[in-house]
Amino acid sequence: MLRKLFYLINFSLLAFFLLAIRQDARRGWKKYQSRYYRMEIARLEQELAQSSDPGKRERIQEEIRRWRSMGLQIRQIILRDFDRVDRCITCHVGMDPFANPSLTNSFTENPYQAHPGKLSSSHPFPRYGCTLCHQGQGLATEVAAAHGAVRHWERPLLKPPYLAASCARCHVNFEELPGAKAAALGKDLFDKLGCVGCHAVNGEGGAVSVDLGDVADKPLGRVDFSYTGLAREEWSVKNWIELHLTRDPMEIVPNDPQGKFGEPIPPSGMPPFYRELQPSQAQALTAYLLSLSHESVPHEYYVYASPKPKPRFANPVEHGRYVFHKYGCQGCHGIGGARGVRNFNALGPDQTRMDQGAEPTLTKVVGTYTREELKEKIRNGVPSSAVVKFNPEGPIPPLYMPPWKDKIQGRELEDLVTYLLSIAEKGQWW
Ligand code: HEC
Ligand code: HEC
Ligand code: HEC
Ligand code: HEC
Ligand code: HEC
């Protein structure tokens with residue numbers, strides 16, 4: 001009996017051992033690496049056949065010997081300043097500064113090609129590795145895992161235009177950086193559309209919704225993808241952000257407006273930006289938000305921007321328009337105060353459904369107020385409980401007028417009010 005058990009155990013050990021050897025031989029990276037060596041050798045042999053200069057032939061033969069003697073091995077870059085190890089060059093051998101010191105080759109296919117562009121001179125790979133720009137899972141040596149296209153890896157490979165997010169993490173000057181256009185365009189749109197009226201960024205801005213300063217680092221476990229229709233492999237913070245700009249937020253965050261499970265909760269109060277944004281603009285905004293990661297970067301890897309000159313204004317109305325944009329009033333009242341955004345279940349004119357509620361269109365209403373009344377509105381805001389409901393049984397509308405208190409005061413407040421009065425539609429003017 002014992003002897004039988006002994007044989008059985010030995011047999012299974014042998015079987016596992018053989019299986020392990022087979023698995024090892026089939027590892028993706030060995031296939032790519034040996035193919036790369038063969039490609040280099042074939043290229044050199046062709047060069048050799050065409051060359052008659054003895055000195056040059058000698059050099060080529062030396063090169064061939066070098067590639068022949070290179071064993072299959074895990075190749076890696078250790079980034080001590082970042083506590084990471086990037087093994088991408090195990091497959092992307094043409095980008096390994098030790099195997100291919102010139103960092104150029106004539107191959108056009110991945111993972112064999114050399115790195116496109118000139119970034120490797122300003123960001124030497126031995127110091128920058130790959131994942132600081134591309135994300136992905138540096139330690140992994142299989143394609144899907146390395147590219148981060150697996151569950152539980154929250155930073156999948158970034159491709160252009162999203163790749164600009166990485167540039168902007170280090171380059172505080174990204175607005176002038178040629179390779180980071182998407183992030184610059186995204187920041188511009190973020191300011192123009194008044195996202196900051198509802199969302200703070202690192203504490204600066206509105207408190208109506210979440211602070212977006214760390215949305216790039218949001219753990220996927222805290223995101224509810226159930227209404228997005230995304231396949232599980234596509235769950236990522238990048239897609240979550242982008243969906244807020246390419247789909248109606250009310251669809252992806254529907255909540256419980258009918259009160260089926262208790263107090264009614266309104267759907268997402270985020271305006272339907274998808275109606276006006278081009279796909280490239282949504283990508284740019286996404287790239288910008290991804291750049292706001294709190295992942296720490298040692299200060300010597302930062303490139304600072306020169307301070308911008310203070311803007312100057314021709315008159316109080318111009319300054320007031322600037323103040324209106326600075327605080328993101330247009331996020332709720334539309335650009336130039338010309339169109340109040342949707343506010344679920346708020347009472348509006350000509351309304352037949354809860355989802356037709358909207359914020360006030362300022363051009364239509366500000367003319368009915370005096371300067372002092374406007375200042376009071378801005379200082380004290382209007383709490384959600386005071387926003388009149390369309391359906392009294394329905395949820396409290398998600399958006400309210402934030403109390404700006406002392407945040408807007410003095411010259412800013414005076415000129416803001418002057419601007420508001422200047423946009424009032426004619427005929428309503430006092
Ligand atoms: C096991 C081999 C392997 C490893 C390790 C690997 N790659 Fe790749 N990579 C490939 C292959 C094969 C392709 C081409 C096919 C594809 O895109 O899946 C590729 C393509 C790419 C592309 C182009 C993708 C596209 O769709 O245009 C990028 C960028 C890239 N890899 C970056 C990385 C980075 C960064 C790492 C390290 C975190 C890495 N790779 C690690 C094998 C690998
Ligand atoms: C400084 C940032 C930066 C670093 C560091 C960096 N890359 Fe890139 N990489 C880029 C950019 C930007 C592009 C797109 C350039 C272009 O298309 O001209 C790119 C393109 C690529 C591509 C080609 C993608 C395609 O569409 O064919 C691959 C593959 C790739 N990188 C892999 C790597 C690997 C592997 C490393 C590490 C050895 C690395 N990169 C390091 C920024 C970087
Ligand atoms: C980990 C931080 C980091 C990342 C990520 C990064 N850079 Fe840089 N980059 C630097 C530093 C630091 C320098 C300055 C190097 C020097 O002074 O020699 C630099 C230099 C440059 C330069 C040379 C000109 C200049 O302004 O000094 C360009 C162009 C550039 N980066 C573009 C990019 C682009 C495009 C990306 C994104 C694909 C990117 N960088 C990603 C840190 C980074
Ligand atoms: C009128 C107020 C309002 C404005 C303006 C607004 N949002 Fe939102 N946003 C919300 C609310 C409320 C939520 C939370 C519910 C949800 O996830 O949709 C939200 C959620 C988000 C989320 C998901 C955050 C997370 O942690 O899950 C992102 C990303 C986002 N907004 C981006 C933007 C961008 C970019 C803009 C500007 C183009 C913007 N928002 C403008 C109200 C607003
Ligand atoms: C998060 C959304 C939001 C933001 C940001 C916002 N408001 Fe409002 N605002 C509202 C809502 C909701 C009301 C209407 C409250 C009510 O029903 O009485 C309102 C009302 C007003 C009114 C009174 C209009 C009326 O019909 O009674 C003025 C004036 C006004 N806002 C100005 C501003 C200014 C100026 C800013 C920027 C400093 C701003 N708002 C930012 C949501 C917002």
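So, His 199 and Met 270 are both buried. Keep in mind that this is a predicted model. Those two are the protein donors of the iron atom of ligand 4, through NE2 of His 199 and SD of Met 270, and they lie 2.0 to 2.2 Å from the iron. The iron site has 6 donor atoms, with angles of 86 to 178°, and it comes out as octahedral. The pair also brings together distant parts of the chain: His 199 is in the loop between α9 (181-192) and β3 (200-201), while Met 270 is in the loop between α11 (249-252) and α12 (279-290), 71 residues apart.

Staying with ligand 4, what is around it? There are 24 residues in that shell, and the closest are Cys 195, Cys 198, His 199, Ser 268 and Met 270. Let me go through some polar contacts. An N or O atom in the Ser 268 side chain sits 2.5 Å from an oxygen atom of the ligand. Lys 218 puts a polar side-chain atom 2.7 Å from an oxygen atom of ligand 4, and for Trp 240 the distance from a polar side-chain atom to a ligand oxygen is 2.7 Å. As for elements, α10 (237-246) and α14 are the ones that give two or more residues to this shell, and α10 has the largest share, with 4 residues. By class we get 16 nonpolar, 7 polar and 1 charged.

Next, ligand 3. Which residues give the protein donors to its iron atom? They are His 123 and His 171, both through NE2, at 1.9 to 2.0 Å. Again we have 6 donor atoms, here with angles of 88 to 179°, and the site is octahedral. His 123 is in the loop between α4 (119-122) and α5 (125-128), and His 171 is in the loop between α8 (164-170) and α9, so this pair ties together parts of the chain 48 residues apart in sequence. Buried or exposed? The cut-off for buried is under 20% relative accessible area. His 123 has 18% relative accessibility, so it counts as buried. His 171 has 14%, so it counts as buried too.

On to ligand 5. Its shell has 26 residues, and Cys 329, Cys 332, His 333, Tyr 369 and Met 401 come nearest. The Tyr 369 side chain has an N or O atom 2.4 Å from an oxygen atom of the ligand. His 333 has a polar side-chain atom 2.8 Å from a nitrogen atom of ligand 5. Four helices each supply at least two shell residues: α14 (330-333), α15 (362-365), α16 (371-380) and α17 (410-423). Of the elements, α16 gives the most, with 3 residues. The class count here is 21 nonpolar, 3 polar and 2 charged.

Then ligand 2. It has 16 residues around it, and the closest are Gln 113, His 115, Cys 130, Cys 133 and His 134. His 134 has a side-chain N or O atom 2.8 Å from a nitrogen atom of the ligand.

Asn 110 leads me to the backbone. The peptide bond from Asn 110 to Pro 111 is cis, with omega near 5°, and Pro 111 sits in the loop between β2 (84-86) and α4. Pro 160 to Pro 161 is cis as well, with omega near 0°; Pro 161 is in the loop between α7 (143-146) and α8.

A couple of positive phi values too. Asp 83 isn't a glycine, but its phi is about 60°. You'll find Asp 83 in the loop between β1 (77-79) and β2, exposed, with a relative accessible area of 76%. Asn 202 has phi near 50°; that one is in the loop between β3 and β4 (204-205) and is partly exposed at 49%.

Last, helix α2. How far apart are its ends? α2 covers residues 28-50, so 23 residues at 1.5 Å a residue should span 33 Å, and the end C-alpha atoms are 34 Å apart, which agrees. Its buried residues include Trp 29, Tyr 36, Met 39 and Leu 44, with Lys 30 and Glu 40 also among them.

Conventions: Residues numbered from 1 in each chain as written. Chains lettered and ligands numbered in written order. Predicted model: local features only at pLDDT ≥ 70, side-chain atom pairs only at ≥ 80, totals over all residues. Heavy atoms only, no water. Near = heavy atom within 4 Å. Polar contact = N/O pair within 3.5 Å; in protein donor to acceptor, adjacent residues only side chain to side chain. Donors = N, O, S within 2.8 Å, 3.2 Å for Na, K, Ca; no water. Tetrahedral: all angles 85-135°; square planar, octahedral: opposite > 155°, others 65-115°. Buried < 20%, exposed > 50% of the residue type's maximum accessible area, 1.4 Å probe, protein only. Expected span 1.5 Å × (residues − 1). Nonpolar A, V, L, I, M, F, W, Y, C, P; charged D, E, K, R; others polar.
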